[in-house]
Amino acid sequence: MKIKAAVVREKSGPFKIEEIEIDEPRDDEVLVRIVGSGICGTDLGARDGHLPIPPPPSVFGHEGAGVVEKVGKRVAKVKPGDHVVLAWNSCGACISCRSGNDPYCVDFFPLNFSGARPDGTTTLRKGSQAIHGSFFGQSSFANFALAGERNVVKVREDVPWRSSAPWAVASGPAQARS
């Protein structure tokens, strides 16, 4: 599917809006139409090479909020039309995740900074060129983002977009679910 995204093509380079492609959601993934996304120092630090991420081209953004468009076959907690915020990704299986402390997930860095899904595949491309995405499990500097079911948090429809976008990253998926 073609989308619009703010792509960074060089270290410390500008965010330029480009038309790129995004994969269809896999069985455990959710496609979200992004309505709002915050920007913070982490996005700028990643763009400038201060975080352990792959080299550009990349799409950042980790404070996304939007509406579920499609869900994979195994997704049970949200459905198309639901309003959601996107938090960071976590494994769900380690002792930190099982105790509700997913910011301390043993796989936090590979799940959020690898530029790809856990299996190493990228979700974004332009023609045959892979574009690193999955930043914090979302890359929400686009009009659509793919996220795993674990880092999607359903919110009430009356919650304003401008305040909901940074909410999940501030509280995290485990705290946002409570």
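Author: Pro 57 lies in the loop between helix α1 (41–47) and strand β4, where helices (H or I, at least four residues) and strands (E, at least two) are DSSP runs numbered from the N terminus. The model is a predicted one, in which local features need pLDDT of at least 70 and side-chain atom pairs count only at pLDDT 80 or more, while totals for chains, interfaces and linings use all residues. Residues are numbered from 1 along each chain as its sequence is written, and side-chain values use heavy atoms, with hydrogens and water left out.

The peptide bond that leads from Pro 56 to Pro 57 is cis, and its omega is near 10°. Strand β4 covers residues 58–59, and Val 59 is found in it. With a relative accessibility of 1%, Val 59 counts as buried; buried means under 20% relative accessible area, exposed means over 50%, and partly exposed is what falls in between, all with a 1.4 Å probe and protein chains only.

What does Val 59 touch, if residues up to four places away in sequence are not counted? Its contacts (heavy atoms within 4.5 Å) include Ala 5, Ala 6, Val 7 and Ile 20, as well as Leu 124, Ile 131, His 132, Gly 133, Phe 135, Ser 139 and Phe 141.

Ser 139, another residue in contact with Val 59, lies in the loop between β8 and β9. Ser 139 is buried, with a relative accessible area of 3%, and it has a positive phi of about 55° although it is not a glycine. Phe 136 has its place in the loop between β8 and β9, and its phi, near 55°, is a positive value in a residue other than glycine. At 7% relative accessibility, Phe 136 counts as buried.

The structure holds ten aromatic pairs, where rings of Phe, Tyr and Trp (its six-membered ring) pair if their centres lie within 6.5 Å, and planes under 30 degrees apart count as stacked, over 60 as edge-to-face and the rest as tilted. Phe 108 and Phe 113 form an edge-to-face pair, 6.1 Å centre to centre with 70° between the planes, and both Phe 108 and Phe 113 are buried. The rings of Phe 113 and Phe 136 have centres 5.2 Å apart and planes at 80°, so this pair is edge-to-face. Because Phe 113 lies in helix α3 (residues 108–113) and Phe 136 in the loop between β8 (129–131) and β9 (144–148), the pair ties together parts that are 23 residues apart in sequence. Ring pairs link Phe 60, Trp 88, Phe 108, Phe 109, Phe 113, Phe 135 and Phe 136 into a cluster.

The chain around this part has five helices and ten strands. Buried residues make up 52% of its 178 residues, and residues 24 or more positions apart account for 69% of the contacts with a separation of 6 or more. Along its principal axes, the C-alpha trace of the chain spans about 40 × 30 × 30 Å.
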